[in-house]
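Please look over the sequence and the structure below, and then read the short report that follows.

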Amino acid sequence: MDSRNKKTVPDMPSKNAAFILLAVSVLSGAASGIIGNGPITALIAIITAMIALISLPGTNEKKMVIVSLICALSSAALSACTSFIISGRFDIQTVFSGGYAVIALAMTVSVYRLKSRLFTETVGSLLICLLFIGIIAVAVYGYYGRLDLSVLTEIENGLRSQITEIISTLDVSGSEISAVLGKDEIAAYADTVIVYMKLLSPSILYISASVAVHIALGIFRTVLMGYARGRRRMTDWLLCPTKSVAWSFNVSALAVTLLETLSLFSESSVITALIFGFGNIALLTLPSCCSFGFRRVWSMIKQRQPQAVMLVAIIVMVACCNPIFVPFFLAISGANGYLIKLRNEGQRK
């Protein structure tokens, strides 16, 4: 066959496509700052910046850093100028418009160095958490004019009032819940919600960030899989737990279950602290275990394995009882499935 008729697959997106994607990322980052750090535009900025950075001709880490810095400054300047024209004042939150470039740079360098997807997602999630904390801190300072413990107390009281109002107006069996429960019961329930929000906020924030990063890297991988370099380096680049992560999830999930049972017979503050401590560990290690568990179940279904019927039936029952427990069931399946896989591989060696 004539080699001239063979289809050649390009290494990466073209030079022109890379610069177009950089322009899109700058505009999306600026738009994110203008509309109040919108998650959708920020996600678009991160994805397009990652694809562009790794596709630049003669790309290397130094070049990535320089281009990312230029993109960050351009987005921040464009966002600040546009916000000033619209409102007539400088909005300090627009300085975070370039934050996407730092996140995209860190994850792109991680991919460029062929790090695991778990490592890449962890780095990206931590950076998004820091960026989000910075945005909240600036917003709180701008609203209250100070940033100390008294501000946190005011925010907590405001949340408690809102939660109490929402609970009081709930309709249960044709009558408002305030007619069924007294003010003390509603206040106690609101206090419980506040406690859960405060103690689980680190892991909830991390999971929210990791979901965004997982989507961004999923699209990034899908795009680059169509190119020669992508097929060679990213075919098996999927989110998997490590041995320590799988064990951490198993131990923390089991500990929470046992401690919750003990809490029914004791109101010890130590038990409560341990529940939230292990609960945060379980939530932090949940994403990678859940991802592996989902792929494991899907693989069983495609291979028509008998145990897949039982797993699907359990998932359906769990979803009917409480859908929020489905990710935890998949994570349990994923963590134990990964440990079994490691054991089997060790036995074969």
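## Helix α4

Helix α4, residues 99–112, is made of 14 residues and reaches 20 Å from its first C-alpha to its last, close to the 20 Å expected at 1.5 Å a residue, where the expected span is 1.5 Å times one less than the number of residues. Helices are DSSP runs (H or I, at least four residues), numbered from the N terminus. This is a predicted model, in which local features need pLDDT of at least 70 and side-chain atom pairs count only at pLDDT 80 or more, while totals for chains, interfaces and linings use all residues. Residues are numbered from 1 along each chain as its sequence is written, and side-chain values use heavy atoms, with hydrogens and water left out.

Eleven of the 14 residues of α4 are buried, so the helix is largely enclosed by the rest of the structure; buried means under 20% relative accessible area, with a 1.4 Å probe and protein chains only. Among these buried residues are Y100, I103, L105 and M107. Just after α4, L114 takes a positive phi of about 60°.

## The largest pocket

A pocket is an open set of points on a 1 Å grid over the protein atoms alone, with protein on both sides within 12 Å along at least five of seven lines, and its lining residues have an atom within 4 Å of a point. The largest pocket is lined by 20 residues, of which I136, L152, I155, L159 and S201 lie nearest its centre. To this lining α7 gives the most, with eight residues.

Technical notes: 1 Å grid on protein atoms, 1.4 Å probe; cavity = no way out; pocket = protein on both sides within 12 Å on 5 of 7 lines; lining within 4 Å. Helix = DSSP H or I, 4+ residues; strand = E, 2+ residues; numbered from the N terminus. Buried < 20%, exposed > 50% of the residue type's maximum accessible area, 1.4 Å probe, protein only.
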